[in-house]
Amino acid sequence: MSKLSSSILITGVNSGIGYAVLKQFHAAGWFVIGTVRKPEDIDRLRLEFPERLYLLRFDITSPLAEHEELIRSVAEELKGEGLDILVHNAGVAQGGPLGWQDESDVRAIMETNVMGVFKLTKAAIPLMREAKSSRMLMISSISGRLVTPFLGAYSASKFALEAFTDAYRNELAPLGITVIGIQPGPTATSIWAKARAMKNKYLDSPYQEILSKQEKFIGNAEARALPVEHVADIIFQAGTRLKPKHRYLVVSNPLLVKLAAYFPDNLKDRLIMAKLKNEKKW
Ligand SMILES: NC(=O)c1ccc[n+]([C@@H]2O[C@H](COP(=O)([O-])OP(=O)(O)OC[C@H]3O[C@@H](n4cnc5c(N)ncnc54)[C@H](OP(=O)(O)O)[C@@H]3O)[C@@H](O)[C@H]2O)c1
C-alpha cells in the first residue's frame with residue numbers, strides 16, 4: 001500500500017454493516033483490510049474490489065496469539081505505516097429466553113462480541129500507535145442501551161462493549177487513539193435471516209405462546225429496519241470527521257430511545273409487555 005491512502009481494518013466484511021463500511025471507505029480511496037471466515041467470501045470480494053483491499057481469514061474467537069499473528073500480517077501489508085482505523089464490527093445476535101439458552105450459545109455470544117474485541121484491541125494497540133492519530137470504532141447496538149426480553153445475552157454483550165468503550169476512550173486517548181461508540185437500531189442485514197433460523201429453538205419452553213409470534217416480531221422489526229448504507233454513512237463520519245462525537249446513536253427515533261433511559265422500570269416493563277402481547281409499536 002502507498003501512504004497516499006489511509007488504512008482501515010474492519011472485522012466481518014462479507015455481509016451487512018461490515019460490507020457496507022468496506023464499500024464506503026473503499027470508494028473514498030482508503031486501503032481496506034477486511035476479515036472474513038469463509039474462503040468463498042475472499043474470492044467474491046477480490047473480484048469485486050481488485051485493488052486496495054487486503055483480505056484475511058479470521059475467526060474473532062481465536063486465541064490471543066492468533067490475533068497477534070493477524071496484526072503481524074496487517075503490519076507487513078502496511079509496510080511500516082500505522083493503522084489509521086480499526087472497526088470492531090463482527091458480531092453475533094442469537095436470541096432466546098436466558099433461562100433456557102444453551103450455555104454454549106451464551107458463551108459464543110460473549111466470546112465473539114466481547115472477548116474478540118478485547119483480544120483484537122490488545123493485539124492492535126501497538127500498530128494503531130504507529131499512526132499519527134488513529135481511531136477505534138466499536139459497533140455496539142441499541143441493545144447496549146435498552147434491554148428487551150429474549151435478547152438478554154446479546155444485550156449483556158453490548159452493555160459490556162459499552163463499558164469497554166468508556167474505559168478504552170479514557171485509557172487510549174493519551175496514546176493518540178480516539179475511541180467511538182456506534183449504536184445502531186434494527187438495520188437491514190442478514191442478521192434477521194440468522195434470527196429466523198433460530199426462531200423455533202425455544203418453542204418447547206414456558207414462552208411458547210409469545211415465541212410463536214416471533215415471525216411477526218422479526219417481520220415488524222425488519223420492515224422498520226434502517227438501510228445499511230445509512231449506518232455505514234454514520235460510521236464513515238465517525239471515522240473521518242475532524243471532531244467526531246464520543247457516541248453515535250443510529251435510530252429513527254433517537255429522542256424516544258434517549259428518554260427511555262429515564263423511564264422507571266415498571267413503565268419500561270409495561271411498554272415492553274404491551275409490545276410483546278400486541279406487537280404494538282412504541
Ligand atoms: N443488523 C442490526 O440490526 C444490528 C443492529 C445493531 C448492531 N448490529 C451489530 O452490527 C454488527 C454487524 O452485524 P450485521 O447486522 O451486519 O450482521 P451480519 O451481516 O450477520 O454480519 C456479522 C459479521 O460478523 C461476522 N462474524 C460473526 N461471528 C464471527 C466470528 N466468530 N469471527 C469472525 N467474524 C464473525 C460474520 O461472518 P459470517 O458471515 O462468516 O458469520 C459477518 O461478517 C454486529 O456487531 C451486530 O451486533 C447490528
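Two residues are taken to be in contact if their C-beta atoms, placed from the backbone, lie within 7 Å. Helices (H or I, at least four residues) and strands (E, at least two) are DSSP runs, numbered from the N terminus. Axes are lines fitted to C-alpha atoms, for helices over the stretch in contact, and angles run from 0 to 180 degrees between N-to-C directions.

The model described here is predicted, so local features need pLDDT of at least 70 and side-chain atom pairs count only at pLDDT 80 or more, while totals for chains, interfaces and linings use all residues. Residues are numbered from 1 along each chain as its sequence is written.

An open sheet is formed by 7 strands in the order S3-S2-S1-S4-S5-S6-S7, with parallel pairing; two strands pair if DSSP finds at least two bridges between them. Strand S3 (53-57) and strand S7 (247-250) are the edge strands, each pairing on one side only. Neighbouring strands of this sheet are turned by 15° against each other on average, direction ignored. Within the sheet, strand S1 (residues 7-11) and strand S4 (residues 85-88) pair in the parallel sense over 3 bridges, and Ile-8 stands opposite Ile-85 in S4. Helix H5 (residues 152-172) lies across strand S5 (134-139) and strand S6 (177-184), running at about 160° to S6.

Helix H3 also meets another helix. The axes of H3 (residues 64-78) and H4 (residues 103-129) come within 8 Å and cross at roughly 35°. On the H3 side, the contact is made by Leu-64, His-67, Glu-68, Leu-70, Ile-71, Val-74 and Ala-75, and residues of H4 including Leu-120 and Leu-127 take part. The residues of this contact divide into 9 nonpolar, 1 polar and 3 charged, where Ala, Val, Leu, Ile, Met, Phe, Trp, Tyr, Cys and Pro count as nonpolar, Asp, Glu, Lys and Arg as charged, and the others, Gly among them, as polar.

Next comes the ligand. Around the ligand there are 27 residues, of which Gly-12, Gly-16, Ala-90, Gly-91 and Thr-189 come nearest; a residue is near a molecule if its C-beta atom, placed from the backbone, lies within 6 Å of it. Helix H1 (16-27) and helix H6 (191-197) each supply at least two residues of this shell, and the largest share, 3 residues, comes from H1. The shell divides into 9 nonpolar, 14 polar and 4 charged residues.

Finally, the domain assignment, which is automatic or taken from a database, gives domain 1 (7-251) and domain 2 (256-282). Their C-alpha centres lie 26 Å apart. The contact takes 12 residues from domain 1 and 6 residues from domain 2.
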